[in-house]
Amino acid sequence: TYRVEITLSAWTVGTATYTLGGVAGASTLAAATTYPDLVVATPTGNFSIAPTNTSRFTVSSVAVKALNVDVFAQGITCVSATGTCLYFSNVLRGTFRDIKATSNGQTHYDQVVYQGGNNTQIIIDGVQAETVAAGGTVISLYSDVTGISRDIAGSNVVAKNVPTVIDLTSDSPGLLQNVSITNVSVKDVTT
């Protein structure tokens with residue numbers, strides 16, 4: 001898995017696509033801005049950008065970084081369901097990005113992102129939740145009796161009309177270590 005960031009400048013017209021290791025990127029390049037992406041590339045093939053024949057722009061920078069991630073999930077949207085939107089356990093190096101959960105008022109999530117067991121080197125980036133069930137949580141980090149969950153970085157959490165945004169729980173002798181959650185935006189939240 002690779003993190004790819006492409007920055008365009010001086011864009012006036014046209015679009016472009018890109019591939020890494022034979023795998024197409026998620027974004028169409030069509031403006032003067034930075035495009036971040038996660039790409040699971042095959043072992044062969046280079047990085048390439050393919051513009052349309054009328055495109056006019058400058059590629060200001062390209063960054064490709066291997067994440068050394070064993071598990072990743074990106075772009076999950078859950079609508080009107082009970083239970084857990086994303087659950088993971090016993091993961092060594094994982095990235096979970098752009099997780100969204102909403103409700104139509106009939107059913108609600110108990111948990112949006114829930115980790116249990118023994119996890120290390122976890123990145124949780126971009127969780128949006130609206131209308132979570134009573135007693136429910138947007139991000140629940142839990143270390144069980146024997147597990148040690150450590151090196152967990154979370155950012156860009158948006159929560160609206162939920163009881164609890166972040167819940168950190170550790171059963172003795174389970175441990176939560178080196179947990180950082182940044183850029184949290186809340187509205188109508190209990191705790």
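Which strands make up the open sheet of three strands, and in what order? Select β3, β2 and β5: the order is β3-β2-β5, with antiparallel pairing. Strands here are DSSP runs of E, at least two residues long, numbered from the N terminus, and two of them pair if DSSP finds at least two bridges between them.

Before you go on, a word on what is loaded: this is a predicted model, where local features need pLDDT of at least 70 and side-chain atom pairs count only at pLDDT 80 or more, while totals for chains, interfaces and linings use all residues. Residues are numbered from 1 along each chain as its sequence is written, and side-chain values use heavy atoms, with hydrogens and water left out.

Stop 1: Now pick β2 (residues 16-20), which runs antiparallel to β3 and is joined to β3 by two bridges. Show Leu20 and you'll find Val23 of β3 opposite.

**Stop 2: Ala30.** Move along to the loop between β3 and β4 (34-39), where Ala30 lies. Ala30 is partly exposed, at 31% relative accessible area (buried is under 20%, exposed over 50%, partly exposed in between, with a 1.4 Å probe and protein chains only). Leaving aside neighbours within four places in sequence, Ala30 is in contact (heavy atoms within 4.5 Å) with Leu8, Trp11, Gly14, Thr15 and Tyr35.

**Stop 3: the largest core.** A nonpolar core is a set of buried Ala, Val, Leu, Ile, Met, Phe, Trp, Tyr and Cys residues joined through side-chain atoms within 4.5 Å. The largest has 24 residues, and Phe88, Val112, Val113, Ile124, Val127, Val138 and Ile139 have the most contacts inside it. Elements giving two or more residues to this core include β7 (71-79), β10 (109-116) and β13 (148-162). A second, separate core of nine residues includes Ile6, Ala16, Tyr18 and Val39.

Centre on Val127: beyond four places in sequence, Val127 touches Ile99, Val112, Val113, Val138, Ile139, Asn156, Val157 and Val158.

**Stop 4: Gln111.** Back in β10, select Gln111. Is this residue buried or exposed? Gln111 is buried, with a relative accessible area of 18%. Not counting residues up to four places away, Gln111 touches Gly83, Thr84, Cys85, Thr137 and Ser140.

**Zoom out.** The whole protein has zero helices and 15 strands, and buried residues make up 36% of its 191 residues.

Conventions. Helices (H or I, at least four residues) and strands (E, at least two) are DSSP runs, numbered from the N terminus.
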